[in-house]
Amino acid sequence: MKYLELFKEENEEIMERFHLSMYRIQEITNEKTVKEPYLDYFKKVASFILQIKDLVSLAEHDRLSKMSLEELQNLNHRLYQDILVENYETSYANPRYAAKILGKQYGKLLSFLYTEIRGMIAYGFEYRLVPITIYMELFIEVYNYFEEEGEFTYKDVKRTISDFMHDYCPDFVEYRTRELLDSSLTFAKDIIMNWDLSDLRYLYQFGEYIDENELEIAKFLNSMSEEEVKAMAFTYTDGYKRGFENQRIDLSRKKTVVIRYNIGFERMVRYAIHYFLEMGLEPILYRAAVNSISKRQHLKIGYHSTGPNRQYDYDHRYDNGLYLNKDFNDRKLTGQRNAYEKYKIQAAVYAGPALIEVFGEKNFSPENKEEAIRLDKRQQKLYVNYNRDANLLTNEYIKGGETSFTIIAYPIPEIGDQFKEIFADTVKVNTLDNDTYRKIQQSIIDVLDQGEYVRILGSGHNKTDLKVMLYELKNPEKETIFENCTADVNIPVGEVFTSPKLTGTEGILHVSKVYLNELEYKELYLEFKDGKIADYTCGNFISEEENKRFVKENLMYNQETLPIGEFAIGTNTTAYVMAQTYQIADKLPILIAEKTGPHFAVGDTCYQMGEEMKLYNPDGKEIVAKDNEISILRKTDMEKAYFNCHTDITIPYDELGEISVYKKNGEKTTIIKDGRFILPGTEKLNEAFHS
């Protein structure tokens with residue numbers, strides 16, 4: 001309970017307000033001073049808040065750890081049942097249902113409010129009374145408006161909610177920054193290190209929704225030998241360490257590392273914590289954000305479960321559109337700067353994140369609901385500007401050239417009946433021999449370094465026809481264009497990549513199906529001119545307008561265009577064959593998928609904020625193609641240099657007709673033909689196709 005001591009003083013200070021608000025919430029459940037249809041909404045949300053009252057009592061007296069598995073499962077279900085897929089159609093958290101019952105305007109406002117209030121689940125488990133109390137007070141204030149029928153307007157209610165978000169923005173930003181940097185926030189780490197992980201009651205101590213995925217992966221890891229789990233943790237942490245070594249960054253100057261993972265992998269994470277401690281790094285674990293100020297669209301950044309309902313997350317991805325304006329951006333940036341100043345010592349010794357991703361969930365192609373809050377064109381620009389400014393601010397305190405990261409991925413049981421076999425093969429893919437791939441990839445780089453451009457052609461249904469211009473080497477004996485990437489920051493092994501020259505890069509990139517940032521894209525089509533997206537669409541929806549909006553919002557992050565920040569050739573044919581064998585190509589995370597064919601990242605280069613750092617391939621040549629015509633603007637106009645996104649899009653081998661390198665004299669060398677490597681020195685990669 002040492003963690004609870006951190007909030008003892010602030011909890012005591014707000015305790016009276018907490019109890020007064022909770023008493024008022026109790027009264028609301030029995031009142032009829034608000035007319036229908038709003039009365040039903042307020043009673044249901046008030047009833048939910050009373051569940052939080054009970055949760056707080058359990059957390060305060062450490063009774064959660066004493067409950068039976070069945071009791072914990074019932075509690076978990078009660079807290080999340082309203083947004084489960086089977087109940088979501090009649091939940092006020094669903095903006096469509098809220099609009100239907102409460103009207104279009106009030107539906108958006110009150111669905112937003114309920115969604116913010118649902119964050120109380122996390123605050124309750126962590127026994128943090130301040131955020132619970134301020135949200136209760138907001139709820140009561142909004143309720144009071146509805147009691148005064150005829151004396152208030154929609155604008156009054158919206159202003160009240162918007163003012164709340166503006167007023168408390170600096171507080172939310174400071175705490176989110178603290179979560180990233182302060183190793184004394186040990187809520188999740190205490191569970192992982194102190195519980196008997198064979199006792200699955202531990203899963204319900206986090207406060208996240210626990211489903212079969214979390215239960216079954218925890219059981220599966222418990223069935224593995226100690227040596228097997230330790231080997232997984234070592235692959236993960238050693239990749240992190242080698243990332244620093246390969247980039248020649250002094251890891252000894254760093255003191256903390258953030259672990260981000262999916263709940264269920266605690267046995268592996270426990271060993272990983274020990275390995276990081278041996279490196280001199282104190283692991284930090286923080287929860288994926290539960291309030292709209294700290295969220296980034298529908299993405300879950302932090303520890304989390306697979307979740308109760310992805311449509312719910314998607315519906316509320318732009319809830320900040322309710323209050324986003326220039327004043328809010330300014331307050332948020334000021335709050336972030338103040339937070340970094342407060343924790344600047346911790347920021348200076350932060351080494352970077354280490355991620356464990358999962359894959360295998362059923363493909364999710366979301367429904368675009370008109371009733372959901374959206375960003376208008378003005379807000380889209382503000383959103384883009386904030387992300388740019390926030391990233392620049394972060395780099396002042398956490399230098400991009402002084403940090404690194406690693407990512408590894410594993411399947412979850414939802415992937416199907418062959419889960420155990422897929423898991424075993426994924427472990428093999430994650431531990432392929434680096435030296436073998438390093439030599440093969442060097443033979444590809446040697447040819448690419450002689451080229452003026454590369455041409456990539458699709459085959460069959462795939463209409464890709466893309467010309468990618470390459471950096472021109474000034475000293476080929478000592479310099480190289482492509483990085484020889486083995487299994488360090490990106491596990492598994494298997495790619496060579498570069499930052500292409502934008503001028504002259506043109507053509508069509510087309511993929512029949514790809515899964516990016518937890519969303520499925522069908523028939524994704526991007527047209528490039530001078531290396532930047534000139535046109536785009538997909539085949540997810542009947543309406544072309546919806547298709548374009550889907551791509552712009554989720555792939556382009558509301559920006560008018562994005563450049564090609566990376567061109568790469570994936571060499572991990574073993575991973576590709578695994579995907580084909582189990583028919584899971586559409587379920588692979590981009591981390592693995594990008595190694596199974598050529599890929600193109602839209603957005604920033606791989607070297608964002610670290611362009612000045614000298615990097616070398618194993619052959620000793622310096623990697624010099626780290627900038628493009630946009631990123632180089634950092635030297636003259638920093639605000640125009642970065643887009644703060646980087647999304648990889650892969651063409652699988654079976655949709656690939658050809659990859660060829662062209663020299664200035666027109667001489668052509670083909671690396672891949674009809675999905676197979678034909679360049680001398682790469683033939684071994686084809687063995688996987690016949691295994």
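Reader: What are the ground rules of the model?
Author: This is a predicted model, in which local features need pLDDT of at least 70, side-chain atom pairs count only at pLDDT 80 or more, and totals for chains, interfaces and linings use all residues. Residues are numbered from 1 along each chain as its sequence is written, and side-chain values use heavy atoms, with hydrogens and water left out.

Reader: Why are helix 10 and helix 13 called roughly perpendicular?
Author: The axes of helix 10 (residues 187-194) and helix 13 (residues 266-278) cross at roughly 100° and come within 9 Å. Axes are lines fitted to C-alpha atoms, for helices over the stretch in contact, and angles run from 0 to 180 degrees between N-to-C directions. Angles under 35 degrees count as roughly parallel, over 145 as roughly antiparallel, 65 to 115 as roughly perpendicular and the rest as oblique. Helix 10 and helix 13 are therefore roughly perpendicular to each other. Helices (H or I, at least four residues) and strands (E, at least two) are DSSP runs, numbered from the N terminus.

Reader: Which residues make the contact between helix 10 and helix 13?
Author: Helix 10 brings Lys189, Ile192, Met193 and Asn194; helix 13 brings Glu266, Val269, Arg270, Ile273 and His274. Contact means heavy atoms within 4.5 Å. These residues divide into four nonpolar, two polar and three charged. Ala, Val, Leu, Ile, Met, Phe, Trp, Tyr, Cys and Pro count as nonpolar, Asp, Glu, Lys and Arg as charged, and the others, Gly among them, as polar.

Reader: What makes strand 2 and strand 4 edge strands?
Author: They belong to an open sheet of four strands, ordered 2-1-3-4, with parallel pairing. Strand 2 (282-284) and strand 4 (406-411) each pair on one side only. Two strands pair if DSSP finds at least two bridges between them. Neighbouring strands of this sheet are turned by 25° against each other on average, direction ignored.

Reader: How do you know that strand 3 pairs with strand 1 and with strand 4?
Author: Count the bridges. Strand 3 (residues 350-359) and strand 4 have six, in the parallel sense. Strand 1 and strand 3 have four, also parallel. Isoleucine 259 stands opposite alanine 354 in strand 3. Isoleucine 356 has isoleucine 408 in strand 4 as its bridge partner. The chain crosses from strand 3 through helix 17 (residues 377-397) to strand 4, and this β-α-β crossover is right-handed. That term applies if, with the strands pointing away from the viewer, the path from the first strand over the helix to the second runs clockwise.

Reader: Why is strand 3 called largely enclosed?
Author: Nine of its ten residues are buried, so strand 3 is largely enclosed by the rest of the structure. Buried means under 20% relative accessible area, exposed over 50%, partly exposed in between (1.4 Å probe, protein chains only).

Reader: How do you know whether histidine 304 is buried or exposed?
Author: The relative accessible area of histidine 304 is 14%, so this residue is buried. Histidine 304 lies in the loop between strand 2 and helix 14 (310-315). Leaving out residues up to four places away in sequence, histidine 304 touches Glu208, Tyr261, Asn262, Ile263 and Ala288.

Reader: And glycine 494, buried or exposed?
Author: Buried, because its relative accessible area is 0%. Glycine 494 sits in the loop between strand 8 (483-485) and strand 9 (495-498). Beyond its neighbours within four places in sequence, its contacts include Tyr437, Gln441, Cys485 and Lys595.

Reader: What makes strand 12 and strand 19 edges of their sheet?
Author: Eight strands form this open sheet, in the order 12-11-10-6-5-17-18-19, with antiparallel pairing. Strand 12 and strand 19 (676-677) each have a single partner strand, so one side of each is left without a neighbour in the sheet. Helix 20 (residues 544-554) packs on the sheet, touching strand 11 and strand 12, and its direction makes about 85° with that of strand 11.

Reader: How do you know that strand 11 and strand 12 pair?
Author: Strand 11 (residues 519-529) and strand 12 (residues 532-537) share five bridges in the antiparallel sense. Glutamate 527 stands opposite aspartate 535 in strand 12. The two strands form a hairpin with two residues between them, and aspartate 530 in the turn has a positive phi of about 50°.
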